Amino acid sequence: MSGVSGNGVTKNTSRSSKIPNNDKNGRLLEKIDDDVLLVNQIRDKLKYNKRKDSSEIRQEKSSTDGDVPIDVAKGIETGNSEEDRDSVESEDEDEEQAWKEQSEYYKNIDTKTFRQYELACDRVKQFYEEQHECQTVAYNIQARINFKTKSRARMTIWEGLEKLNKLLDESDPDTELSQIDHALQTAEAIKRDKKPRWFQLVGLIHDLGKLLYFFDSKGQWDVVGDTFPVGCKFSKRIIFPDSFKKNPDFLNRLYSNKYGIYSKNCGLDNVMLSWGHDEYMYHVAKNNSTLPKEALAMIRYHSFYPWHHENAYKYLMDDHDKEMLEAVQSFNAYDLYSKIDKQYDVDELKPYYLELIDEYFPTKVIDF
Ligand SMILES: [Fe+2]
Ligand SMILES: [Fe+2]
């Protein structure tokens, strides 16, 4: 079991906590990440079937105006366009609306075609037990201090993708697709739907924060998995919610309140989400790119399933978050379901994406 010290920072103990740097651990990280996605897919499917049986879907869509958890396989509602100067400015109104529309390719997807949930269940549960125990307020503050006080590496985005890809280059050939395959599948699916170039780039780099795995991580629990706020009450809508009972913050007088250290509708920008590849890559992209705020939200919140899928923590949202939620949900289907697409030739696509990266990361070589 991992232990948490007085300042909340986990110490290396028997379960996992060394910085993983070999192909075996790399495969495990990949499997955990895939398992996490799969759990969410199964959860969506079950939820959808239940609702379909009771013929509630259409009624809910028309009557609750966005208050219902959105089913990825059935798509999302489209919304009004951004008018903020910092937001997406499309070339014409059609394009401005189109980027939010659901993909035709994933409307009727069968989640059973993905890996078997039964095989993954124990590992996923074990992973979340550790993650939910160790993601404390103190750990998160320390992780952010660590991030801001040093540069872990200086390289281009593409070099980062290649570095991340080494996780699987050395592993067995019959394992899951590599990170760069997933990045290209996601980006190509977005491109296939003629979404804006910034959106395609999000597909390419959204998981690049898993580079944390090579740097400061203490295991898998601070790199992958669903994210959630720390510093306020843990929602029952987070996966495996009972495992929070081992978290030192669970019984903390302040952190166990509904609002905790936050206030009503304070905005998610002011909320500390559990540290992992989303939060890390968000900061890297924010510091080094000209990507619009919708893109940054997609990167930052793509693993925040309790929010974008389960409708939790609405009381922390401000008006800006309502707009960003649409963007995050638009992205989610591509992240989840593009894995059924073909595997692309990296060398063939590389020139296109190098140009795309340069368009939004002007300094090219950046601090990770
Ligand atoms: Fe991710
Ligand atoms: Fe992903």
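Apart from residues up to four places away in sequence, His182 touches Leu177, Asp207 and Lys339, where contact means that the C-beta atoms of two residues, placed from the backbone, lie within 7 Å. This is a predicted model, in which local features need pLDDT of at least 70 and side-chain atom pairs count only at pLDDT 80 or more, while totals for chains, interfaces and linings use all residues. Residues are numbered from 1 along each chain as its sequence is written, and chains are lettered from A and ligands numbered from 1 in the order in which they are written.

His182 is found in helix H7, residues 179-192 (helices are DSSP runs of H or I with at least four residues, numbered from the N terminus). His182 counts as buried because 24 C-beta neighbours lie inside 10 Å; the term requires 20 or more other C-beta atoms within 10 Å, against 12 or fewer for exposed and values in between for partly exposed.

An unreviewed UniProt entry annotates a "binding site" that covers His182, His206, Asp207, His277, His302 and Asp335, although such annotations may be inferred rather than shown by experiment. Of these, His302 is found in the loop between helix H10 (293-301) and helix H11 (305-308), and its contacts beyond four places in sequence include His206 and Asp335.

A further "binding site" annotation from the unreviewed entry covers His302 and Ser303, and also includes Gly225 and Asp226. Gly225 lies in the loop between helix H8 (197-205) and helix H9 (277-288), and Asp226 lies in the loop between H8 and H9. Leaving aside neighbours within four places in sequence, Gly225 is in contact with residues including Val36 and Ser303, and Asp226 with residues among them Val36 and Ser303.

Technical notes. Helices (H or I, at least four residues) and strands (E, at least two) are DSSP runs, numbered from the N terminus.
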